[in-house]
Amino acid sequence: MANLKITLVKSTIGAIPKHRKTVEALGLRKLNKTVEMPDNPAVRGMIDQVRHLVKVEEA
């Protein structure tokens, strides 16, 4: 199964609380940090919700 590399590229300071919690649920705590997550519909949905804050690459 493929993995996705997700990097937080924009701060969550001005984001709405739901987006902040989504970013934190993805495992991103600090700016420019990267996590690897499995490529499944649940993770894709979370990424779609905060696509303006993150950068996604195929791993």
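Student: How many helices and how many strands are there in the protein chain?

Tutor: This is a predicted model, in which local features need pLDDT of at least 70 and side-chain atom pairs count only at pLDDT 80 or more, while totals for chains, interfaces and linings use all residues. Residues are numbered from 1 along each chain as its sequence is written, and side-chain values use heavy atoms, with hydrogens and water left out. Helices (H or I, at least four residues) and strands (E, at least two) are DSSP runs, numbered from the N terminus. Counted in this way, the protein chain has two helices and three strands.

Student: In what order do the elements of the protein chain run from the N terminus on?

Tutor: Among the elements are strand β1, at residues 3-8, helix α1, at residues 17-25, and strand β2, at residues 34-38. Helix α2 covers residues 41-49. Read from the N terminus on, the order of the elements is β-α-β-α-β.

Student: Why is the protein chain as compact as a globular protein of its length?

Tutor: The radius of gyration is taken over C-alpha atoms, and the globule rule is 2.2 Å times the number of residues to the power 0.38. For 59 residues this rule gives 10 Å, and the chain is as compact as a globular protein of that length because its own radius of gyration is close to that value, at 10 Å.

Student: What percentage of the residues in the protein chain is buried?

Tutor: A residue is buried under 20% relative accessible area, exposed over 50%, and partly exposed in between (1.4 Å probe, protein chains only). With these limits applied to the 59 residues of the protein chain, the buried share is 29%.

Student: Which residues does L26 touch, not counting residues up to four places away in sequence?

Tutor: Contact means heavy atoms within 4.5 Å. L26 belongs to the residues with the most contacts inside the largest nonpolar core. Leaving out residues up to four places away in sequence, L26 touches I6, V35, M37, V43, M46 and V50.

Student: Is T22 buried or exposed?

Tutor: T22 sits in helix α1, and, not counting residues up to four places away in sequence, T22 touches M46, Q49 and V50. Its relative accessible area is 8%, so T22 is buried.

Student: With which residues is H19 in contact, leaving aside its neighbours within four places in sequence?

Tutor: H19 is also found in helix α1, and with a relative accessible area of 15% H19 is buried. Its contacts, apart from neighbours within four places in sequence, are Q49, V50 and H52.

Student: How far apart in space are R20 and Q49, C-alpha to C-alpha?

Tutor: R20 has its place in helix α1 and is partly exposed, with a relative accessible area of 40%. Not counting residues up to four places away in sequence, R20 touches T12, I13 and A15. R20 and Q49 are 29 residues apart in sequence, and their C-alpha atoms are separated in space by 11 Å.

Student: Which residues does K5 touch, not counting residues up to four places away in sequence?

Tutor: K5 lies in strand β1, where its relative accessible area of 32% makes K5 partly exposed. Apart from residues up to four places away in sequence, K5 touches T34, V35, E36, K55, V56, E57 and A59.

Student: What is the distance in space between P38 and A59, C-alpha to C-alpha?

Tutor: P38 is found in strand β2 and, with a relative accessible area of 31%, is partly exposed. Not counting residues up to four places away in sequence, P38 touches M1, A2, N3 and V43. P38 and A59 are 21 residues apart in sequence, and from C-alpha to C-alpha they are separated by 9.6 Å.

Student: Is N32 buried or exposed?

Tutor: N32 is found in the loop between α1 and β2, and its phi is near 65°, a positive value in a residue other than glycine. Its relative accessibility is 56%, so N32 counts as exposed.

How values were computed
A nonpolar core is a set of buried Ala, Val, Leu, Ile, Met, Phe, Trp, Tyr and Cys residues joined through side-chain atoms within 4.5 Å.
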